[in-house]
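Please keep the sequence and the structure in view while reading.

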Amino acid sequence: YHMGGVIFFDRNMENQHQVTQFIGNLQKQADEKVPLFLAVDEEGGDVVRMKGDLQAPPAQKEIGQNGKTQMAKHWAVTTAVSLKSMGFNIDFAPVADVGSNDRRSYSRNPSEVTAFVRAAASGYEQEKILYSLKHFPGIGKGKIDSHVDAYRVPADKETLHREDLLPFQTLISEKDPNNFFVLVSHLTYPALDETYPASLSKKIVTGVLRNEMGYKGLIITDDT
């Protein structure tokens, strides 16, 4: 089978010239009819690649505190242009979580997060690069790093729908599903599935994301 895509981390990235060559060589080996997905996490703030060689976007919290949604679009456009110049076609951003404990969320207010995520999405779409809404159904209420440990989010279903799910539901309702991914978290949400974390949960991925929210696009999971 041909691989479907590659994600780059700093260990793969020396400078822009090397990355451009690397991506070009990978695409030459791909199926001619189905080019590779070439992805990177270039969110801004603490989650950026090649800090010394790329203009790093600010943390989403800093953009949100500015209060101007057009700044989210500006940085999405700027990031998309630099990534596309090297051959990337996916940025695993923006973060659609409400009120993350770190600097990755635009705001603690669901409506504000929705407005900034919408603006960022429009920037990526303008430059024709795929983006990813993460970390479904929202890790803003998490207290640990879900890459390394388990956590159960103590929120009822009504709260999750009113707060954490709002940015995802809004963008899914407004945007073409061919333009973005939804990235699913590893946290457990007992109000939605008592047993399995979101990334392994049919109740959440199929029941909520597909059936309730009507998302028809590609679904991926967070890193582990």
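For a chain of 224 residues, a compact globule would have a radius of gyration near 17 Å, and the protein chain agrees with this because its own value is 17 Å; the radius is taken over C-alpha atoms, and the globule rule is 2.2 Å times the number of residues to the power 0.38. This is a predicted model, in which local features need pLDDT of at least 70 and side-chain atom pairs count only at pLDDT 80 or more, while totals for chains, interfaces and linings use all residues. Residues are numbered from 1 along each chain as its sequence is written, and side-chain values use heavy atoms, with hydrogens and water left out.

**Overall build**

- The protein chain has 7 helices and 6 strands, where helices (H or I, at least four residues) and strands (E, at least two) are DSSP runs numbered from the N terminus.
- Along the sequence, these elements follow the pattern β-α-β-α-α-β-α-β-α-α-β-α-β.
- Of the 224 residues, 50% count as buried, a word that stands for under 20% relative accessible area, with exposed meaning over 50% and partly exposed in between (1.4 Å probe, protein chains only).
- Among contacts with a separation of 6 or more, 72% come from residues 24 or more positions apart, a contact being heavy atoms within 4.5 Å.

**Salt bridges**

- Side chains of opposite charge can pair when their charged atoms come close.
- The structure holds 12 salt bridges, each defined as a side-chain nitrogen of Lys or Arg within 4 Å of a carboxyl oxygen of Asp or Glu.
- R118 and E174 meet in a salt bridge at 2.9 Å, N to O, and this pair links distant parts of the chain, since R118 lies in helix α4 (residues 110-126) and E174 in helix α6 (residues 166-174), 56 residues apart.
- R118 is partly exposed at 31% relative accessible area, and E174 is also partly exposed, at 43%.
- D41, E43, R49, R104 and K134 are linked in a network of salt bridges.

**K141 and its partners**

- K141 forms a salt bridge with E163 at 2.8 Å, N to O; K141 lies in the loop between β4 (130-136) and α5 (157-164) and E163 in helix α5, so the pair ties together parts 22 residues apart in sequence.
- K141 also forms a salt bridge with D164, with the closest N and O atoms 2.4 Å apart, and D164, likewise in helix α5, is 23 residues from K141.
- K141 is partly exposed at 21% relative accessibility, whereas D164 is buried at 1%.
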